[in-house]
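This report describes selected local features of one protein model. Please consult the sequence and the three-dimensional view while reading.

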Amino acid sequence: MALHVGIDVGGTFTDAVAVLDGRAVRGKAFSTKDVTTGILGALAVLQERAGLSEEEFYPAVDRFVLGNTIVTNAVDEQKYATVALLTTQGFRDTMRIARSARTDERDPHKMLSPPDIVERGRVFEVAERVDAHGEILVPLRDDVIAAAVEAALATDAEAIAVCLLWSFRNPAHEQAIGAYLRENHPGVPFTLSSSLTPVYREYERMVTTALDAAVKPLVASHFDHLAEELGARGLRTRVQIMQVHGGFLSVEETNKAPISMFNSGPVGGVTGARLLGKQLGRRRVLTADMGGTSLDAAAIMDDEFRLLSRAEIGGLPTSLTVVDIETIGAGGGSSAWVDGRGLLRVGPHSAGSTPGPACYGKGGTTPTVTDAALVLGLINPDYYLGGAVELYEDLAREALREHVGEPLGLTEDAAAEGVYRLATSQMTNALRKITVNRGHDPREFTLVGFGGACGLFAASIAAEIGVTEIVIPRNAAVFSAYGLMHADSVFSAVRTSPWTMHQPAADLDGEFRALEQRAQAWFEAEGIPEDRRELHREADMKFVGQIFEVTTRLKGGTFTEADKDELRARFIADYQSEFGAGTAWTETDILLVNSRVRAVGRSDVQEVGQVQQAVGDDEKHVLLRRGIVEPATGTRTDVDVHRGFAALGRANGPCLLEEPDTTVYVPTGATVELTGAGDFLVRLDSSV
């Protein structure tokens with residue numbers, strides 16, 4: 001028996017998918033503050049629906065992939081472990097100086113200092129100096145190390161970040177501090193910038209190092225608890241964690257750099273959408289992942305998602321390379337409210353799973369997007385999560401009336417319509433940022449909408465942005481968890497190694513070979529078979545005089561003098577793809593800043609031949625009728641409601657498709673049919 005499991009921990013629900021001998025089983029459970037309890041709850045659902053006992057289920061799992069919100073929540077809420085920072089003498093205030101007030105805000109009152117990761121009283125200088133060539137100018141003495149570390153720990157720091165000037169050129173001093181900590185304080189977690197992110201730009205490197213150290217104790221406590229609980233139930237395989245760059249690593253590797261788990265859940269959804277796009281033959285795909293707390297959007301072109309270097313995390317620039325995902329606080333649990341100017345607002349605050357939307361009847365009194373959809377009739381209160389969770393329309397109406405309708409002089413239906421349309425507009429703007437703002441025509445894309453709430457909004461989002469084709473995966477409510485299982489193992493080795501076309505090709509080739517040795521060592525440590533190993537050479541390059549770089553992929557094999565012209569041409573093509581035709585500054589020299597090797601271990605994932613429903617396999621078509629308020633027009637009308645749509649296969653809008661864990665709204669003038677894989681394909685009227 002082959003059993004693969006994917007878990008995506010969201011802000012409201014923990015989603016789970018099991019692939020058992022080619023049969024997919026899915027389920028959901030409410031997320032919990034301690035993460036582990038929610039994961040175990042979702043696994044219990046899978047176990048039951050797979051028809052296995054606990055003693056049979058856990059030992060049979062031979063692949064376990066997890067996307068989670070531990071790091072994301074810590075960064076978003078700025079709830080870190082207490083961290084101390086050791087840095088070079090004279091550079092204590094690097095993170096406070098930052099990049100000055102260079103935000104896109106025009107109001108000077110909003111140009112605030114970046115949020116603190118490390119309090120100034122916990123920043124300690126050490127007397128040492130390495131120059132830009134890696135030569136030691138001021139040696140770091142043992143007594144200086146001891147004094148700095150002990151002073152830092154005396155502030156009750158739970159972790160230590162170490163970021164010294166030019167340590168990426170010569171890491172000897174940082175390594176000496178690490179050796180002292182391992183020998184004298186083996187229980188104290190620490191992060192060395194030269195190990196985590198050995199690249200230039202001291203500020204971004206320091207931010208990344210401090211963030212990593214600040215989340216290490218939090219991650220360790222969660223993972224220790226999770227590992228203990230899973231082990232007690234008989235899990236034998238290693239837990240693999242989705243990373244921000246689009247691949248996964250083992251828990252052991254992740255513990256070395258937990259900041260790389262930021263946004264790990266949404267990355268799983270993008271990975272799944274890329275696979276779905278390939279299966280459907282769509283080379284341009286937009287993703288919209290709408291859950292309980294947010295919408296995550298990404299663009300996939302030519303079967304590849306976009307990677308961003310120097311990603312911004314929690315309002316802070318870092319040196320991490322991440323999958324380009326645009327996130328806004330607009331989900332099913334996002335709160336609707338009227339601000340001091342008398343304007344309707346949706347989000348970014350969320351009701352989460354506790355107390356949840358008002359209609360949950362768990363004490364929530366603020367109206368949410370879910371409450372609005374319920375009042376509009378788009379959600380069946382007796383069939384939410386297949387009837388497992390009862391919803392209370394009267395509570396939703398009361399919340400909308402009190403907090404939106406009365407302040408704005410609207411009826412309950414009009415208030416609900418306003419919340420729906422505003423949420424749609426905000427989500428559409430997120431998709432515009434990753435298409436129109438980057439020179440892409442959204443009308444050329446297919447929209448893949450997933451997450452438990454997206455089926456209600458995907459058609460409206462698509463209509464507003466000009467997309468005419470929408471795919472809602474059959475397992476939309478747990479699609480990110482499904483995508484996690486199809487991710488590859490990925491390891492990235494990077495180093496700042498300035499090089500120009502005037503230098504010997506052998507110098508650059510030597511840098512890449514050294515990085516490839518690290519990648520091969522990782523392959524061996526992870527036990528990845530030879531036939532599933534891939535190595536990709538990449539370079540961060542720019543025209544001399546520019547500030548930021550563009551990443552270009554090199555061809556494989558030895559880099560020779562004859563390859564220089566091809567590398568230059570590739571960089572210019574990538575540059576103009578990013579910034580537009582004719583923008584390349586071809587008259588000047590090109591500087592290669594960072595060399596990077598991406599090691600990929602291709603996954604061996606079961607093909608899914610059957611998708612099992614959350615509450616059984618009965619595909620008998622059931623036709624119902626229900627009155628709804630059509631969001632686009634505000635008119636009340638009766639529409640067909642289809643359950644077991646697979647047995648019908650095609651329908652015209654307006655109608656609703658009710659699945660046990662999601663609902664799909666098909667507007668007037670649209671059609672919906674099943675793809676060959678059993679997903680929902682919605683086509684809008686292109687003339688509208």
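The sections below treat backbone geometry, helices, surface charge and salt bridges in turn. The model is predicted.

**Backbone geometry**

Most peptide bonds are trans, and most residues other than glycine have a negative phi. One runs from Gly347 to Pro348, with omega near 0°; Pro348 belongs to strand β22, which covers residues 344-350. Another cis bond joins Gly653 to Pro654, where omega is near 5°. Pro654 sits in the loop that connects β32 (650-652) with β33 (655-659).

Positive phi values in residues other than glycine also occur. Trp166 has a phi near 60° and is placed in the loop between β9 (159-163) and α6 (172-184). Because its relative accessibility is 30%, Trp166 counts as partly exposed. Asp303 likewise is not a glycine, yet has a positive phi of about 65°. The location of Asp303 is the loop between β14 (295-301) and β15 (304-305). With 18% relative accessibility, Asp303 counts as buried, since the cut-off for that class is under 20%.

**Helices and surface charge**

What span should helix α13 have, and do its end C-alpha atoms agree or disagree with that value? Helix α13 comprises 22 residues (412-433); at 1.5 Å a residue it should span 32 Å, and its end C-alpha atoms are 32 Å apart, so the two values agree. Buried residues of α13 include Glu412, Ala416, Val419, Tyr420, Ala423, Met427 and Leu431. An α-helix has 3.6 residues a turn, so residues three or four places apart point the same way.

On the surface, Asp394, Glu398, Glu402 and Glu406 form a patch of negative charge. Of this group, Glu402 is located in helix α12, residues 393-408. Glu402 is partly exposed because its relative accessibility is 45%.

**Salt bridges**

How many salt bridges does the structure hold? The number is 48. Three of these pairs are listed in the table.

| Acidic residue | Basic residue | N to O distance |
| Asp15 | Lys28 | 2.6 Å |
| Asp302 | Arg283 | 3.4 Å |
| Asp509 | Arg537 | 2.9 Å |

The side chains of Asp15 and Lys28 meet in a salt bridge. Asp15 is in strand β2 (residues 13-20) and Lys28 in strand β3 (residues 23-30), so this pair ties together parts that are 13 residues apart in sequence. Asp15 is buried, at a relative accessible area of 9%, and Lys28 counts as buried at 15% relative accessibility.

The side chains of Asp302 and Arg283 also meet in a salt bridge. Asp302 lies in the loop between β14 and β15, while Arg283 lies in the loop between α10 (264-280) and β13 (284-290); the pair therefore ties together parts 19 residues apart in sequence. Arg283 is partly exposed, having a relative accessible area of 47%.

A salt bridge likewise joins the side chains of Asp509 and Arg537. This pair links distant parts of the chain, with Asp509 in helix α16 (residues 505-526) and Arg537 in strand β26 (residues 533-543), 28 residues apart. Both Asp509 and Arg537 are buried.

Some salt bridges also connect into a network, whose members are Glu393, Arg397, Arg401, Glu412, Asp413 and Arg636. Of these members, Glu412 is also among the buried residues of α13.

Key: Residues are numbered from 1 along each chain as its sequence is written. This is a predicted model: local features need pLDDT of at least 70, side-chain atom pairs count only at pLDDT 80 or more; totals for chains, interfaces and linings use all residues. Side-chain values use heavy atoms; hydrogens and water are left out. Patches are made of residues with over 30% relative accessible area and no salt bridge: like charges are joined within 9 Å, nonpolar side chains (Val, Leu, Ile, Met, Phe, Trp, Tyr) within 5 Å. Accessible areas come from the Shrake-Rupley method with a 1.4 Å probe; for residues, only the protein chains shown count as cover. A salt bridge is a side-chain nitrogen of Lys or Arg within 4 Å of a carboxyl oxygen of Asp or Glu. Lys and Arg count as positive and Asp and Glu as negative; His and the chain ends are not counted. The place of a charge is taken as NZ of Lys, CZ of Arg, CG of Asp or CD of Glu. Helices (H or I, at least four residues) and strands (E, at least two) are DSSP runs, numbered from the N terminus. Buried means under 20% relative accessible area, exposed over 50%, partly exposed in between (1.4 Å probe, protein chains only). The expected span of a helix is 1.5 Å times one less than its number of residues.
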